[in-house]
Structures are given as structure tokens and as C-alpha cells.
Protein chains: 2
Amino acid sequence: MKERLASLREAIDGTLDRLLAGDPLSPPRILEAARYAVLGGGKRLRPTLLVLSGEALGGRREDLLPAAGAVEMIHAFSLVHDDLPALDDDALRRGRPTVHVRFDEATAILAGDALLNLAFETLARWPEGNGWSRRKLEAIRILGAAVGMSGMIGGQVLDLEFEGKDASTEDLERIHRLKTGALITACCVAGGLLAGGGRAEIEALDGYGRALGLAFQITDDILDVEGTAGQIGKSPGKDAKDAKATFPSLYGIEESRRLSARSTAAAVEALAPLGPRGDLLAEVARSVATRRN
Amino acid sequence: MKERLASLREAIDGTLDRLLAGDPLSPPRILEAARYAVLGGGKRLRPTLLVLSGEALGGRREDLLPAAGAVEMIHAFSLVHDDLPALDDDALRRGRPTVHVRFDEATAILAGDALLNLAFETLARWPEGNGWSRRKLEAIRILGAAVGMSGMIGGQVLDLEFEGKDASTEDLERIHRLKTGALITACCVAGGLLAGGGRAEIEALDGYGRALGLAFQITDDILDVEGTAGQIGKSPGKDAKDAKATFPSLYGIEESRRLSARSTAAAVEALAPLGPRGDLLAEVARSVATRRN
């Protein structure tokens, strides 16, 4: 299991390296910043979910990898912009200076823009051949909806609006469903759509993605309280400093752990219609809940 | 001619209003900022070019309008981000406070992101029906390439890099070809592709777009020297203050006027293979060169 995930990770990193090869017209500085943002580590959770979801429904890895690269670029775009001084003002990410610290603010803004744009270009381009057209467009629509004002970007707006305010548990769950959950869920669904999955299979992936996204976010909040910078690669205690609504601040650490475990179990359960084809996805769900970074 | 362009403009504005209707999940503030950025006037040059290019090749207006809305959203995204303090730091745009002044920086960054994302979602969604899939993907690829690191975003990077430095005429033309020309050209080509144009027709539109984009940029530079804020809706003299490379600073005003007239003539000439179907596009080229705002 571990080796299969490690070899997938290598394939994803290789794909990202190729997608970000640049061309003679790209100014070197922005290409360098985009590569720095994407190629500097990270868990590769979203592309892993996309590939494993597609493979669970019979898709071929080589057909799924470009879209996997695209969702990691979308994720990187969101991190680069979230870290900007006007937003979360973070200086450390994945154990290194953030893009605006290492380069400058203008370059960080434009590199983020370029990554989002390249993600859609990639989704439209591969796999080549007219037989893929309908599926590629479905993937673009699902991911676009997950990223936009009613998805990740909307969640970031809410997150900023609630800084320093008392958020209810409903507010908190809404923020996270949009900010983190929407893209994670869309990765699972997009992988399934690219593989030509049927309705029941796509619904199973959708349910899995929703539950996994929640478990992931709760664990993230717990790590922000308990982790060290060396473990989590970013500044710990940041949420409390920014007076962000988090699961530990609303529920306490112990109850947050229980919620995370319950969501993980729900994610695994949602995979039942896929039978043993969902085993690797179940393994990923379990590793998300027990991760230390 | 004038009435036909005015009625097209109305149709474009109506399309943008509908595309930016939002949904119950969108936080009101980001929707408001995105609408403010897009619906507050502007020449609508890019969507006009997309629709007229498509119509010249037999496309139907209703099939072209969603993509027209998408390219205007791409243009608005680029203005919102270019105006940010870390980039051009502009306080006035289309005669009103820029988005980060009217709202705040975080909202401006996220609203720009949302507009770019919504543009691609729109391109993938309409016109509906599997018969459109191949053409929609072609339009996404062409526009994605025009926006990215080797297009508009790359041009913005170069523009910032050359601030205060001596740019050669080759540098200047490269900056503008990427920063303004690439998207304008892609609008013409995308309209033609959506209409199912043949190779020779698409090449005519490509040549037209390139020449028009250059004429447009030269006129823009001249207006920055000669216009008033009331005329041009943004702060005049900004280029000189930022020590930007411009056509007037390199060639002088008179020679810049001659270059603009020559490019306009080249744009009109490129339309020759389309015969009278290119008349409206030719009219747009002439109005671009003589515009006062």
C-alpha cells in the first residue's frame, strides 16, 4: 500500500515538473516562482485523490495524471494567494519562506494567477482526442464550481470575515465545507468523471470526498494547536493568533478528535458501493486522520 | 453601424449581469466586488471582437455571448489585480475608485481570482450540448494560452521588470504583444473557432487581432500622455510617473500616431479574405485608433 502511494506521488511530481517546464516566451522570474510554489513539497492529497478515484472506476493512470497536476496547481494557487500580507499574512509554508517573502508580492499575485490559468489550460488539453471532450468539460465545470465564489474562494472570504468574531458550529462547518471540502470533493468526483463512472459510483466518491474533507480540516485545526513548525511546515498557533474559528476552539481537542474519527469512518463507509476497488481510497482516509503534518 | 454596435454592447452587458447573478452560497461581499469590477462600464472591446469575429464566420450571437462574457471577466480580473498596491497601485479606473480602494485588498485579490475562475467555468458550460464540446475546448485552450505566463500575465511581469529601466523598441513591442495583444488576438480567434471557421478565416482573424492589438496599445499610451482623467477614466500621466516604457516615450507622439495608423490599416487589410463579412470588424479597428478614451 505504502509503495503504491509513493510511486503515485512520484508520478504526480513528474507530471507537475513537465507541466511547469515553461516556454521561451515565459519571463524566467514568474516561471521560477510558480515552480517554487508547486514543486516544494506538500502532501499531494488532492491529485492523489483524483487519480485513485479515477483508477477505482477503471481509469488509466496516464489519462488521469494531467488533471491531477491541474488540481495540485489550483491548490498551490490558493495557498500562494492566502499567504499574502492582505490575507493570512503567512511567512512560512511547507517549511520554507512563502512565495511573496522569497520573491515579492507582485510576483506572488501573478504566479498564483498563472497557476490557476494553467490548471484550466491543462484540463482542456489532456488527454488528447475528441473522445475525451465531454469528460474533460465535465471535469472543468465541477472543479470551476468548487473553486469559485460558492466554493474555495467563497470560503476564504468567509474565513476572513469571521476573524475575531464568534462563529457558530454551523458557520465553522460552512466555512470549511467551502474553503477545503469543496475542492477535495471535486477532485474525487472529477477523477470518477474522467474515468467514465456511472451515477452510483460518482455519488459514492462524492460522499467519500465530503466526509474526508471534513476529517482533513479537523485534523488540520488540531495540528495547528499541537504541532511544531518543524512538523507542520508552517507557523503553528497561527489560528489562535488570528482569532480564527477552529474545531478545537469550538469543541475542544478531545471532541475534535472524536469528530475527526467519525468523519473518517463515514468516508470509508461511503466507499462501500465500490467494494475492494475502494481499498486504497479508504487507506488514504485513515492516513489523513492520523497524520502528523 | 453605430446602432448595431450599441445593441451588441447591451447584449454583452445583459450577459455579464446574468453570469454574475451569484447563488445562495456566494458570500455577498465578493459577489458585490466582482460585479463592481465588471459592470462599472468599460469599452467592452474584447467581447465585441469575439462576437463580431464569430458572426463574421456565420456564428449566431446567442451562441457567442457566454464566451464574450468570459473574456470580459478575464479582462476585468487582470485590471483588478494590475491595480493592486503591489503592482501598478492605481486608485482610479473607469472614473471610479479601484476595487481594492472601494473594498479592500483581500477582497480585490479574491474577486479577481473568482472572475478568472468563473470565466473558464462559463467557457466550459455554454453553449450546452455535446456538439459544442470540441469548439469550447479549443476556445479554452486559445484563451488560456493568451492569459498565462507566455501571454497577458507574462506581459505584466515584464512591464513591472522594465519599470525605470531603458527598454528597447523590441522590448516594448514584446511587452505589449504579451500584455494586451495576446488576449485581444485570442478573442478574435476564439470567436472564429466557436463559429466553426476554416483555417484561412481563422488566420485572417488572427492577423486582424494582432494588428488591432498593437494599434490599441499605442493609442492607450498616447491617451495616457494627452488625456484627462475625465476622458480616460483613470489617472493620466501614470506611465511617465512609473517610468514605464511607452510608445510616446520611445518614438515621440507624432511617430506614435503614424505607427497606430499603420497598424490600423494592417488590421483592416488582414480582413480582406472575409470580404464584406469583415466590415463591422474594420469599423471597430478604425474607431479604436481614433478613440478619445
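This is a short tour of how two chains meet in a predicted model.

**Stop 1: both chains**

Show chain A and chain B together. A rotation of 180 degrees, with 0.0 Å of shift along its axis, superposes chain A on chain B, and the RMSD is 0.0 Å. That is the relation of a two-fold axis. To find the axis from chain A, select A:Ser133: its C-alpha is the one in chain A nearest the axis, at 2.9 Å.

**Stop 2: the contact between the chains**

Now select the residues where the chains touch. Chain A contributes 45 residues to the contact, and chain B contributes 45 residues. On the side of chain A that touches chain B, at least two residues come from each of H2, H6, H7 (133-147) and H8 (152-161). Which helix gives the most to that side? H6(A) does, with 13 residues. By class, this side of chain A divides into 24 nonpolar, 11 polar and 10 charged residues. Of the interface residues of chain A, 100% are also interface residues in chain B, so the copies meet through the same surface.

**Stop 3: H6 of chain A against H7 of chain B**

Hide the rest and keep H6(A), residues 105-125, and H7(B), residues 133-147. Two packed helices are described by the angle between their axes and the distance between the axes. Here the axes come within 9 Å and cross at roughly 150 degrees. An angle over 145 degrees counts as roughly antiparallel, and H6(A) and H7(B) are therefore roughly antiparallel to each other. Their crossing is left-handed.

Next, show the side chains where these two helices meet:

- From H6(A), select A:Asn117, A:Phe120, A:Glu121, A:Ala124 and A:Arg125.
- From H7(B), select B:Leu137, B:Ile140, B:Arg141, B:Gly144, B:Ala145 and B:Val147.

This contact of H6(A) with H7(B) has 6 nonpolar, 2 polar and 3 charged residues. While looking at the spacing of the selected positions, recall a general point about helices. An α-helix has 3.6 residues a turn, so residues three or four places apart point the same way.

**Stop 4: H8 of chain B**

Last, select residues 152-161 of chain B, which form helix H8. Is this helix mostly covered or mostly open? H8(B) is mostly covered, with 9 of its 10 residues buried. The buried residues run from B:Met152, B:Ile153, B:Gly154 and B:Gly155 through B:Gln156, B:Val157 and B:Leu158 to B:Asp159 and B:Leu160.

To see what covers them, bring back both chains. The cover includes H2 (28-39) and H6 (105-125) from chain A. From chain B it includes H4 (61-82), H7 (133-147) and H9 (169-194).

Notes. Residues are numbered from 1 along each chain as its sequence is written. Chains are lettered from A and ligands numbered from 1 in the order in which they are written. This is a predicted model: local features need pLDDT of at least 70, side-chain atom pairs count only at pLDDT 80 or more; totals for chains, interfaces and linings use all residues. A residue is buried if 20 or more other C-beta atoms lie within 10 Å of its own, exposed if 12 or fewer, and partly exposed in between; C-beta atoms are placed from the backbone. Helices (H or I, at least four residues) and strands (E, at least two) are DSSP runs, numbered from the N terminus. Two residues are in contact if their C-beta atoms, placed from the backbone, lie within 7 Å. Axes are lines fitted to C-alpha atoms, for helices over the stretch in contact, and angles run from 0 to 180 degrees between N-to-C directions. Angles under 35 degrees count as roughly parallel, over 145 as roughly antiparallel, 65 to 115 as roughly perpendicular and the rest as oblique. A crossing is left-handed if the near helix is turned anticlockwise from the far one by less than a right angle, and right-handed if clockwise. Ala, Val, Leu, Ile, Met, Phe, Trp, Tyr, Cys and Pro count as nonpolar, Asp, Glu, Lys and Arg as charged, and the others, Gly among them, as polar. Copies are superposed by least squares on the C-alpha atoms of residues with pLDDT of at least 70 in both.
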